[in-house]
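Good morning, everyone. Please look at the sequence and the structure as they come up. I will walk you through them step by step.

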Amino acid sequence: MPCVGAYAHTDANPLDLLTEGDIFSLMAQIETIDHLIDELGGPSEIGRWLNIGSNAVSNWSLRGEVPSGWHLRIYIELCKRGRTVNPAVFGLTDEEAAPLMHRGRMAAARPSKRLPVGAAA
């Protein structure tokens with residue numbers, strides 16, 4: 001899944017902003033759970049990041065499934081790294097993932113109109 005809204009803040013053509021490394025990353029989409037785990041630094045690193053045991057991360061490969069509770073957090077981290085992931089890695093079909101790929105769905109957050117706690121109106 002490509003990261004949605006990554007270039008929503010600019011009028012520039014996203015293709016003009018890609019570096020050679022970006023192009024390689026796009027060509028090397030993450031296709032498997034094992035590749036996902038490797039990309040994120042291995043079971044120990046992911047375990048520290050998600051505050052779970054490395055054996056739990058290793059079980060993702062054994063079971064062929066990343067628990068759904070981690071999908072969004074992992075997807076966001078991959079976007080930060082400029083990586084793309086096949087929706088099948090998260091157990092999704094292209095049709096199920098299509099709403100995430102729509103440009104307007106996850107555009108940059110708008111500033112909150114609420115005032116911070118303790119701020120004068």
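Predicted model: local features only at pLDDT ≥ 70, side-chain atom pairs only at ≥ 80, totals over all residues.

The chain has 121 residues, and 24% of them are buried. How many helices and strands does the secondary structure come to? Seven helices and zero strands. Read from the N terminus, the elements go α-α-α-α-α-α-α. Now the contacts. Take those between residues at least 6 apart in sequence. Of these, 61% join residues at least 24 apart.

Next, the core. In soluble globular proteins, nonpolar side chains tend to be buried together. In this chain, the largest nonpolar core has 16 residues. Which residues have the most contacts inside it? They are Leu 36, Ile 46, Trp 60, Ile 74, Leu 78 and Val 85.

Let us zoom in on Ile 74. Leave out residues up to four places away in sequence. Ile 74 then touches Leu 36, Leu 40, Trp 49, Trp 60, Val 66 and Phe 90.

Val 66 is on that list, so let us look at that residue next. Val 66 sits in the loop between H5 and H6. Is Val 66 buried or exposed? Buried, because its relative accessible area is 3%, and the cut-off for buried is under 20%. With the residues up to four places away again set aside, Val 66 touches Ile 33, Leu 36, Trp 60, His 71, Ile 74 and Val 89. Take Val 89 from that list. Val 66 and Val 89 are 23 residues apart in sequence. In space, their C-alpha atoms are 7.6 Å apart.

His 71 is another contact of Val 66. His 71 lies in helix H6, which spans residues 71-80. At a relative accessible area of 16%, His 71 is buried. What does the side chain of His 71 reach at 2.7 Å? The backbone oxygen of Val 66. Beyond its neighbours within four places in sequence, His 71 is in contact with Val 66 and Phe 90.

Now the charges. The count comes to three salt bridges. Glu 39 pairs with Arg 83, and their closest N and O atoms are 2.4 Å apart. This pair links distant parts of the chain, 44 residues apart. Glu 39 is in helix H3, residues 33-39. Arg 83 is in the loop between H6 and helix H7, and H7 covers 94-101. Arg 83 counts as buried, because its relative accessibility is 9%.

Another salt bridge joins Arg 48 and Glu 45, at 3.1 Å from N to O. Both residues lie in helix H4, residues 42-50. They are three residues apart, about one turn of the helix. Arg 48 counts as exposed at 58% relative accessibility. Glu 45 counts as partly exposed at 37%.

Then there is Arg 81 with Glu 77, where the closest N and O atoms are 2.9 Å apart. Arg 81 is partly exposed at 40% relative accessibility, whereas Glu 77 is buried at 16%.

One more charge to point out. The charged end of Arg 73 sits over the ring of Trp 49, 5.3 Å from its centre. And aromatic pairs? That count comes to zero.

Most residues other than glycine have a negative phi. Asn 51 is not a glycine, yet has a positive phi of about 60 degrees. Where does Asn 51 lie? In the loop between H4 and H5. Asn 51 counts as exposed, because its relative accessibility is 71%.

Last, Leu 62, in helix H5. Is Leu 62 buried or exposed? Exposed, because its relative accessibility is 71%, and exposed means over 50%. Leu 62 and Asp 34 are 28 residues apart in sequence. Their C-alpha atoms are 9.6 Å apart in space.

That is my tour. Thank you.

Technical notes:
Residues numbered from 1 in each chain as written. Heavy atoms only, no water. Phe/Tyr/Trp six-rings, centres within 6.5 Å; stacked < 30°, edge-to-face > 60°. Lys NZ or Arg CZ within 6 Å of the ring centre and 35° of its normal. Helix = DSSP H or I, 4+ residues; strand = E, 2+ residues; numbered from the N terminus. Buried < 20%, exposed > 50% of the residue type's maximum accessible area, 1.4 Å probe, protein only. Polar contact = N/O pair within 3.5 Å; in protein donor to acceptor, adjacent residues only side chain to side chain. Contact = heavy atoms within 4.5 Å. Salt bridge = Lys/Arg side-chain N within 4 Å of Asp/Glu carboxyl O. Core = buried A, V, L, I, M, F, W, Y, C linked by side-chain atoms within 4.5 Å.
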